[in-house]
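Biologist: I am new to this structure and would like to understand how its descriptions are reached. Could we look at it together?

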Amino acid sequence: MKRGNFRNIIRHLILIVTDSPIPPSVSAQCLASGPPLTSHSLGKKMSRLPKSTLRLLETAISGVTDPTFCIGMLFSLFAWHVKDHYLYSINYHHCGASKTWFGMPSDATLKFEKVVKEHVYANDILSVNGEDGAFDMRLGKTTLFPPNILLEHDVPVLKAIQKLREFVITFPMSYHTGFSHGFNCDEAMNFAFGDWFPLGVIASLHFAHLNRVPFIPHEQQGQSNPINLLK
């Protein structure tokens, strides 16, 4: 995929298909004894690539700079959420049954959050009033509701079926959810380009308003090499 075409769909959850087979050792381990913790891991070096702003972090963060293995079963699901600090994410399907994903363009984020606050959350479950309370609830990644609620309020919803050896990439501020069709093993991690940095600052401000400590130190990134932040 050419870089120009890639950027044209930057505000959507997208599905990328790869024809490259996974190594037989990974497939055998996955099917026989669970997630493959081998040198074939997808994301060991991804966050340290030259264009990644996460390369400026001095310490590794599990699930962000280092990959996480996800094991699913029939109808196991993950709640509506955006990635922490509004990062990009990539998920690779190593083996097993397919997964259904629902997502939305990031330019519909404010509409999504308004619908959730007004039609999903009840005031008595929010830690504080207003948007800060709703943001705090979404951080818990426990928000579950059917996509038709969004469609009924004119929030666009995208659907993808992720199969064996396929990637799903989500973009900053793109809410998504999904479920497994059966037993499977996936690998996921976050990454970021220079255009993410202003969004990360917004996320950090949300953390500050809730007296939460951000786990990505933006000041450290800027002090490490400010000239390279937007490269």
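This is a predicted model: local features need pLDDT of at least 70, side-chain atom pairs count only at pLDDT 80 or more; totals for chains, interfaces and linings use all residues.

Modeller: Residues are numbered from 1 along each chain as its sequence is written, and side-chain values use heavy atoms, with hydrogens and water left out.

Biologist: Why is Thr-109 called buried?

Modeller: Buried means under 20% relative accessible area, exposed over 50% and partly exposed in between, with a 1.4 Å probe and protein chains only; Thr-109 has 2% relative accessibility, and therefore counts as buried. Of the 231 residues of the chain, 48% count as buried.

Biologist: Which residues does Thr-109 touch, leaving aside those up to four places away in sequence?

Modeller: With contact meaning heavy atoms within 4.5 Å, Thr-109 touches Met-104, Met-173 and Tyr-175. From Met-173, the backbone oxygen lies 2.4 Å from a polar atom of the Thr-109 side chain.

Biologist: What makes residues of the lining of the largest pocket nonpolar, polar or charged?

Modeller: Ala, Val, Leu, Ile, Met, Phe, Trp, Tyr, Cys and Pro count as nonpolar, Asp, Glu, Lys and Arg as charged, and the others, Gly among them, as polar; the lining accordingly divides into 10 nonpolar, 12 polar and 5 charged residues.

Technical notes:
A polar contact is a pair of N or O atoms within 3.5 Å; within protein, one must be able to donate a hydrogen and the other to accept it, and residues adjacent in sequence count only if both atoms are side-chain atoms.
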